[in-house]
Amino acid sequence: MTSDLPAWSEPFVGEGRSALARVVPFGAIDREWAIGGSDGSGILVAIIDSGVERDHPAVGGRLTRSVMVDISGEDPEVRDDPGGIDVVGHGTACAGIIHSLAPAAEFVSIRVLGPDNRGKGLAFAAGLDWAIEQGAGVANLSLSSRSEALFPTFHELADAAYFANVLLVSAANNVPGPSYPSLFASVISVAAHDLDDPMVWFYNPSPPVEFGARGVDVDVAWRGGGRIVATGNSFAAPHIAGIATLIRAKHPGVTPFEVKAILAATAQGARKA
Amino acid sequence: MTDEPARGLSPDALALLEEIAVRLEAARRLELGSSESVLRSIVDATVALFQAEAASIALYDPPTDRLVFRVAAGEQGQGAIGLSVPPSEGLVGYVYTTGQALALSDVERDQRFGRRYAEQTAYVPRSIVAVPLVDEHGTIGVLEVLDKRESETFSLRDIELASVFARQAAIAISSSRVERDAASLLAAALGGLLGDQSGARSAQVEEIAGAATAALGRDDESGLWALVEQVARARAADPASIALVTDLLAVLARHAERTPRPRSGIGRR
């Protein structure tokens with residue numbers, strides 16, 4: 001695989017990893033301190049995606065609420081989606097990954113895809129706004145918008161999340177051009193590495209894609225109670241979201257920037273003081 | 001359309017509009033032929049590169065609000081052409097709406113997925129990579145590659161390679177859309193020149209143009225569109241050959257104007 005590198009994963013694969021050891025030493029911070037004994041309890045994780053299948057075994061009954069964004073009216077409206085459905089399977093895959101890492105965390109699903117809004121930037125922005133209002137500790141976003149017109153909206157939302165202590169974890173987009181909010185500095189942007197271990201993550205000191213996590217051939221939950229094997233950055237993001245959930249559960253006082261620092265300090269290859 | 005030129009347009013204006021419609025349709029077919037042949041060469045190359053069972057490109061079609069499979073390659077790909085899926089469903093819809101490239105494998109383990117997929121593409125794959133076609137305005141479609149023969153799954157590198165092909169396809173499509181937009185602008189400008197400002201009149205222009213091109217559709221067996229196809233292909237010919245063919249066509253056109261066909265499908269009817 002090392003001779004076979006896609007650009008966005010290059011820093012996290014093979015020889016590229018040697019450049020990642022420059023991370024500033026963080027003294028006593030290690031994984032035992034950061035996440036040892038944590039199960040994610042007390043943390044609400046928002047899944048902004050295609051929905052989450054409430055009864056899927058991989059979600060462990062941890063889905064507490066499902067909403068969807070309705071953009072048929074003048075203003076986007078967030079309303080309950082009592083069915084607890086996933087129109088694709090992707091949101092359930094993300095929730096399943098996070099649940100496997102942080103089994104006591106609770107989920108709220110914000111469906112921004114579907115027949116009514118199918119991934120329109122406006123629905124996505126309204127869903128993100130709602131997640132921030134709910135006080136989610138972590139929000140997993142496997143999608144982003146390319147709309148230049150929505151740049152200021154997403155910029156405001158990313159800042160609002162940061163100031164409200166909501167950590168945004170977003171999958172990097174490998175298509176050239178703008179992609180919001182995944183390119184904003186306060187957001188944790190994640191690409192896939194090729195190692196078969198959910199507890200291996202890397203910190204890349206060259207933004208915008210600062211973290212690499214498992215995202216190749218991941219056995220994930222899918223629609224209809226099923227499972228599937230999946231590859232892509234959008235399966236790497238929930239791995240980092242899961243670890244961040246463990247950190248936030250164990251250290252309730254830490255802020256999004258501190259979570260990022262702890263993730264960097266406990267990444268593979270980080271130097272110790 | 002009716003043959004009543006009385007609907008506010010003079011017979012001359014009507015004839016002119018129909019003539020424009022004919023030329024727009026010819027331009028559209030020329031453009032369609034060229035952009036589809038580029039897309040076809042892209043899926044052909046994709047199948048060869050990945051040693052895949054199939055590759056296809058679905059483009060978003062605003063009037064029907066569906067993703068329509070326009071071209072396909074590979075032994076298992078042909079059944080997909082013309083099929084369509086809603087952008088709110090399934091892997092193709094997800095990749096279209098989110099712009100996120102994905103690869104899935106072990107798909108047959110999920111029978112429901114496989115069945116749904118087969119309904120959509122007429123082939124049940126084991127593994128799929130789907131990447132978005134993105135132009136400067138956003139996502140316009142999806143490139144899919146099914147079943148790499150030498151491997152059970154698609155790698156990160158495969159996703160990136162497929163994305164390169166998708167970029168080529170998006171460039172081909174957006175350049176052809178610019179041409180089509182120019183054609184629409186021309187039609188609108190001509191409508192204005194004919195004093196056709198009101199919405200009702202615009203609808204009438206559309207109707208006339210539509211009726212004129214529908215009549216052309218019935219002329220398929222006439223060989224006209226075979227000629228258009230050849231003209232599209234002749235873009236690659238050297239200037240001397242093109243000049244020769246142009247002269248020959250001018251002679252033919254003069255002859256045709258002197259002796260109109262009994263069943264005139266081109267221009268006025």
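From the N terminus on, chain B runs α-β-β-β-α-β-α-β-β-α-α-α-α, which comes to seven helices and six strands. Helices here are DSSP runs of H or I with at least four residues, strands are runs of E with at least two, and both are numbered from the N terminus. The model is a predicted one, in which local features need pLDDT of at least 70 and side-chain atom pairs count only at pLDDT 80 or more, while totals for chains, interfaces and linings use all residues. Residues are numbered from 1 along each chain as its sequence is written, and chains are lettered from A and ligands numbered from 1 in the order in which they are written.

Chain B has 269 residues, and 36% of them count as buried. A residue is buried if 20 or more other C-beta atoms lie within 10 Å of its own, exposed if 12 or fewer do, and partly exposed in between, with C-beta atoms placed from the backbone. Of the contacts in chain B with a separation of 6 or more, 63% are made by residues 24 or more positions apart. A contact means that the C-beta atoms of two residues, placed from the backbone, lie within 7 Å.

The strands of chain B belong to a sheet that also takes in strands of chain A. This open sheet has eight strands with antiparallel pairing, in the order β10(A)-β11(A)-β4(B)-β5(B)-β6(B)-β1(B)-β2(B)-β3(B). Its edge strands are β10 (218–221) of chain A and β3 of chain B, each of which pairs on one side only. Two strands pair if DSSP finds at least two bridges between them.

At the chain B end of the order, β1 (residues 52–61) and β2 (residues 66–73) can be taken together. Seven bridges join β1(B) to β2(B), and the two run antiparallel; B:Ala55 stands opposite B:Ala73 in β2(B). The hairpin of β1(B) and β2(B) has four residues between the strands, and B:Asp65 takes a positive phi near 55° there. Six of the eight residues of β2(B) are buried. Helix α2(B) lies across β1, β2, β3, β4, β5 and β6 (138–148) of chain B and runs at about 35° to β5(B). The angle is taken between N-to-C directions, from 0 to 180 degrees, and axes are lines fitted to C-alpha atoms, for helices over the stretch in contact.

Where do the two chains meet within this sheet? Strand β11 (residues 227–231) of chain A and β4(B) pair in the antiparallel sense over three bridges, and A:Thr231 stands opposite B:Ala103 in β4(B). Over the whole interface, 31 residues of chain B are in contact with 37 residues of chain A. On the chain B side, α2 (90–98), β4 (102–105), α3 (111–121), β5 (128–135) and α4 (156–193) each supply at least two residues, and α4(B) gives the most, with five. By class, that side has 13 nonpolar, eleven polar and seven charged residues. Nonpolar covers Ala, Val, Leu, Ile, Met, Phe, Trp, Tyr, Cys and Pro, charged covers Asp, Glu, Lys and Arg, and the others, Gly among them, are polar.

Chain A also has an open sheet of nine strands with mixed pairing, in the order β3-β2-β4-β1-β5-β6-β7-β9-β8. Strands β3 (77–80) and β8 (202–203) of chain A stand at the edges with a single partner strand each, so one side of each is left without a neighbour in the sheet. Strand β2(A) (residues 63–70) pairs with β3(A) in the antiparallel sense over four bridges, and A:Met68 stands opposite A:Arg79.

Two helices of chain A complete the tour. Helix α3(A) (residues 121–133) and helix α4(A) (residues 151–163) pack at an angle of about 15°, with their axes 10 Å apart. They are therefore roughly parallel to each other, a term for angles under 35 degrees. Residues A:Ala125, A:Leu128, A:Asp129 and A:Ile132 in α3(A) meet A:Thr153, A:Phe154, A:Leu157, A:Ala160 and A:Ala161 in α4(A). By class, this contact has seven nonpolar, one polar and one charged residues.

Notes: Parallel < 35°, antiparallel > 145°, perpendicular 65-115°, else oblique.
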